[in-house]
Amino acid sequence: MSEKRRTYDIIIPVYGALPYLRQCINSVLKNTKHPYNLDIVDDGNSPIIKEYPRAIKSARIITNRKNLGWLKN
């Protein structure tokens, strides 16, 4: 498969750290040149942190009811 036809999966597990989440997502949106799917895993966050990823129209949000930790995400 040629490099131009591949679609990459970018998975971002999120628990807290809203400023870093914003930086990370902004960097992906600005700098990723290849086609990609953006999956954001909400790992039992507070309502304030839950709101931000939902505003990213190109992202798929996966929600855990409680914090499962980075490895299980």
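Trainee: What should I know before I start?

Mentor: The model is predicted, so local features need pLDDT of at least 70, side-chain atom pairs count only at pLDDT 80 or more, and totals for chains, interfaces and linings use all residues. Residues are numbered from 1 along each chain as its sequence is written, and side-chain values use heavy atoms, leaving out hydrogens and water.

Trainee: How many helices and strands are in the protein chain?

Mentor: Helices (H or I, at least four residues) and strands (E, at least two) are DSSP runs, numbered from the N terminus. Here there are 2 helices and 3 strands. Along the sequence they read β-α-β-α-β.

Trainee: Which residues make up the largest nonpolar core?

Mentor: Start with burial. Buried means under 20% relative accessible area, exposed over 50%, and partly exposed in between (1.4 Å probe, protein chains only). A nonpolar core is a set of buried Ala, Val, Leu, Ile, Met, Phe, Trp, Tyr and Cys residues joined through side-chain atoms within 4.5 Å. The largest one here has 12 residues, among them Ile12, Leu21, Val28, Leu38, Tyr52 and Ala59. Strand 1 (8-14), helix 1 (18-31), strand 2 (36-43) and helix 2 (47-54) each give two or more residues. Helix 1 gives the most, with 4.

Trainee: Which residues does Val28 touch?

Mentor: Contact means heavy atoms within 4.5 Å. Leaving out residues up to four places away in sequence, Val28 touches Ile10, Tyr36 and Leu38.

Trainee: Is Leu29 buried or partly exposed?

Mentor: Leu29 also lies in helix 1. Its relative accessible area is 36%, so Leu29 is partly exposed. With the sequence limit of four places again applied, Leu29 touches Tyr36, Ile56 and Ser58. Leu29 and Ile56 are 27 residues apart in sequence, with C-alpha atoms 9.7 Å apart.

Trainee: How many salt bridges does a search of the whole structure find?

Mentor: A salt bridge is a side-chain nitrogen of Lys or Arg within 4 Å of a carboxyl oxygen of Asp or Glu. The search finds 2. In one, Asp39 pairs with Arg60, the closest N and O atoms being 3.1 Å apart. Asp39 lies in strand 2 and Arg60 in strand 3 (residues 59-64), so the pair ties together parts 21 residues apart in sequence. Asp39 is buried, at 9% relative accessible area.

Trainee: Which residue forms a salt bridge with Asp42?

Mentor: Lys50 does, with the closest N and O atoms 2.8 Å apart. Asp42 counts as buried, at 4% relative accessibility. Lys50 is at 24%, so Lys50 counts as partly exposed.
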